[in-house]
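This briefing sets out the overall form of a protein chain and then turns to selected residues. Please read it alongside the sequence and structure shown here.

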Amino acid sequence: MKMKHFKDINLISKVLYVISIIILAHTLLTIYNSHMYILSLVTSSRLVVSESILTVITYYINSSLPYAFYSIATFSMGYIINRLNIKNKVEKDIKNDLDDFNKLNEYDN
């Protein structure tokens with residue numbers, strides 16, 4: 001399997017990949033902040049996790065899932081744009097090769 005170099009990637013895809021990484025970092029920070037908030041509620045005895053586990057899980061999901069989705073969606077857009085760019089390059093290369101082949105056949109005749 002060929003390894004693709006970062007310099008071969010389209011500029012728009014690079015920007016979308018970087019934005020995706022930033023959003024992913026924000027997602028992790030949100031999960032950490034949610035954890036610290038839940039932990040502070042538990043230490044102050046205002047929340048018992050075993051009694052309200054559904055509320056705790058819902059809080060984690062509501063605070064971090066949208067950002068995780070945005071990160072995945074942004075990465076996917078960059079990937080799709082990059083793959084479309086590669087497909088266009090391959091089609092141009094094939095067309096150029098066919099043109100060269102046709103020119104060689106004309107010279108032979």
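## Overall form and local detail

Of the 109 residues in the protein chain, 18% count as buried. The model is a predicted one, and its protein chain holds two helices and zero strands. The chain has a radius of gyration of 25 Å, whereas a compact globule of 109 residues would have a value near 13 Å.

**Dimensions, surface and contacts of the chain**

- Along the principal axes, the C-alpha atoms of the protein chain occupy a box of roughly 90 × 25 × 20 Å.
- The chain exposes about 8,900 Å² of surface, and 66% of this area is supplied by carbon and sulfur atoms.
- Among contacts in the protein chain with a separation of 6 or more, 77% are between residues 24 or more positions apart.

- Helix H1 spans residues 11–43, and the loop between H1 and H2 includes Ser52.
- Val42 is a residue of helix H1. Val42 counts as partly exposed because its relative accessible area is 32%, a value that falls between the limits of 20% for buried and 50% for exposed.
- When neighbours within four places in sequence are set aside, Val42 is in contact with Leu47 and Val49.
- Ser45 also has its place in the loop between H1 and H2. The phi angle of Ser45 is near 60 degrees, which is a positive value in a residue other than glycine.
- Ser45 is classed as exposed because its relative accessible area is 64%, and the class requires a value over 50%.
- Ser52, in the loop between H1 and H2, is by contrast buried, because its relative accessible area is 17% and the cut-off for burial is under 20%.
- The side chain of Ser52 reaches the backbone oxygen of Val48 at a distance of 3.1 Å.

**Tyr60 and its partners**

- Tyr60 is located in helix H2. With a relative accessibility of 23%, Tyr60 is counted as partly exposed.
- Which residues does Tyr60 contact, leaving aside its neighbours within four places in sequence? They are Ile31, Ser34, His35, Ile38 and Leu65.
- One of these residues, His35, is 25 residues from Tyr60 in sequence, and the two C-alpha atoms are 7.9 Å apart in space.
- The side chains of Tyr60 and His35 are joined by a polar contact of 3.1 Å.

**A nonpolar patch on the surface**

- A nonpolar surface patch is formed by Ile53, Leu54, Ile57, Ile61 and Leu65, which together have about 480 Å² of accessible area.
- Ile57, a member of this patch, belongs to helix H2, which covers residues 53–108.
- Ile57 counts as partly exposed because its relative accessibility is 42%.

Technical notes:
Residues numbered from 1 in each chain as written. Predicted model: local features only at pLDDT ≥ 70, side-chain atom pairs only at ≥ 80, totals over all residues. Heavy atoms only, no water. Patch = residues over 30% accessible without salt bridge, like charges linked within 9 Å, V, L, I, M, F, W, Y side chains within 5 Å. Areas by Shrake-Rupley, 256 points an atom, 1.4 Å probe, with all protein chains shown as cover. Salt bridge = Lys/Arg side-chain N within 4 Å of Asp/Glu carboxyl O. Helix = DSSP H or I, 4+ residues; strand = E, 2+ residues; numbered from the N terminus. Buried < 20%, exposed > 50% of the residue type's maximum accessible area, 1.4 Å probe, protein only. Rg over C-alpha atoms; globule rule 2.2 N^0.38 Å. Contact = heavy atoms within 4.5 Å. Polar contact = N/O pair within 3.5 Å; in protein donor to acceptor, adjacent residues only side chain to side chain.
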